[in-house]
Amino acid sequence: MEGGVSVEEEEKESMSYRYWVREATGEAAPAPVPRKLTPQDVVSDSRSPATLGSVWNKAGTWEEKNLNKWASDRIQELLTSIGSLEFNGGCAEISEVSNCSGDAFLVTVRNKKRVGYTYELKLRIKGEWTIKEEKKKVKGHLEIPEFSFGELDDLQMDVGLSEEKDLLQQDKQQICKDLKQFLHPVREKLRQFEEELKDR
């Protein structure tokens, strides 16, 4: 026992805890008092401006929605609707979207909606050209390596032909040049997709 405090009391004091409670003074604000809502309070709350996103996210904080399925289906639907293009020596059409891979999303942040996507495509082409008064069936593909939201003006397209052994090199070059004309209608369909994505 040192200075009138026993060892037991010292241990007990070190093991306990303390907290401070603000004592109410005349200057302090009164404690909040619960109030029952009236029917008018409920009606006025329901007329408050609608927030974007989920019901639980009334503050409009970050919320991301995956739109991959819708976007992939819609891109394929739009591109296969392009139809046939006529050229000087023949015609061709997109027969299939053989690869449509990427991501599309809708983000709500600070109660504002933003959309985005990044995709790459491979389109199968079939057509027919008249070469030296003989009709030749041709198959090929168009590849769009990567494109994303707001960058359609810079869209690039690579053209390839299947092994066409009975075509001369200059004929192949002309057919590839013709197939490059798909760039414009493809770009327009992707612009339509972007507009639809913004309205989601």
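Which residues does Arg187 touch, not counting residues up to four places away in sequence? In this predicted model, the contacts of Arg187 under that condition are with Leu152, Asp153 and Leu155. Arg187 is located in helix 5, an element that spans residues 183–198. Although Arg187 is buried, no salt bridge is assigned to this residue. The nearest side chain of opposite charge belongs to Asp153, at 5.0 Å.

The protein chain comprises 5 helices and 6 strands. Read from the N terminus, the elements follow the order α-α-β-α-β-β-β-β-β-α-α. Of the 200 residues in the protein chain, 30% are buried. The accessible surface amounts to about 14900 Å², and carbon and sulfur atoms account for 49% of this area. When contacts between residues at least 6 apart in sequence are considered, 62% of them join residues at least 24 apart.

A total of 11 salt bridges was identified in the model. One of these links the side chains of Lys69 and Asp73, with an N to O distance of 2.6 Å. Both partners belong to helix 3, which covers residues 68–80. Their separation of 4 residues corresponds to about one turn of the helix. Lys69 has a relative accessibility of 62% and therefore counts as exposed, whereas Asp73, at 38%, is classed as partly exposed.

A second pair within a helix is found in helix 5, the element that also contains Arg187. Here Lys198 forms a salt bridge with Glu195, and the closest N and O atoms are 3.1 Å apart. The two residues are 3 positions apart in helix 5, so about one helical turn separates them. Lys198 is partly exposed at 35% relative accessibility, and Glu195 is likewise partly exposed, with a relative accessible area of 43%. Salt bridges with shared partners also connect Arg74, Glu77 and Glu196 into one network.

A further salt bridge joins Lys136 to Glu134, for which the closest N and O atoms lie 3.7 Å apart. Lys136 has a relative accessible area of 13% and is therefore buried, the threshold for this class being under 20%. Glu134, by contrast, counts as partly exposed, at 43% relative accessibility.

Glu120, Glu143, Glu146, Glu151, Asp154 and Asp158 together form a negative surface patch. Among them, Glu146 is located in strand 5, which extends over residues 134–148. With a relative accessible area of 58%, Glu146 is classed as exposed, because this value lies over the 50% limit for that class.

Technical notes. Residues numbered from 1 in each chain as written. Predicted model: local features only at pLDDT ≥ 70, side-chain atom pairs only at ≥ 80, totals over all residues. Heavy atoms only, no water. Salt bridge = Lys/Arg side-chain N within 4 Å of Asp/Glu carboxyl O. Buried < 20%, exposed > 50% of the residue type's maximum accessible area, 1.4 Å probe, protein only. Patch = residues over 30% accessible without salt bridge, like charges linked within 9 Å, V, L, I, M, F, W, Y side chains within 5 Å. Areas by Shrake-Rupley, 256 points an atom, 1.4 Å probe, with all protein chains shown as cover. Lys, Arg positive; Asp, Glu negative; His and termini not counted. Charge placed at Lys NZ, Arg CZ, Asp CG, Glu CD. Contact = heavy atoms within 4.5 Å.
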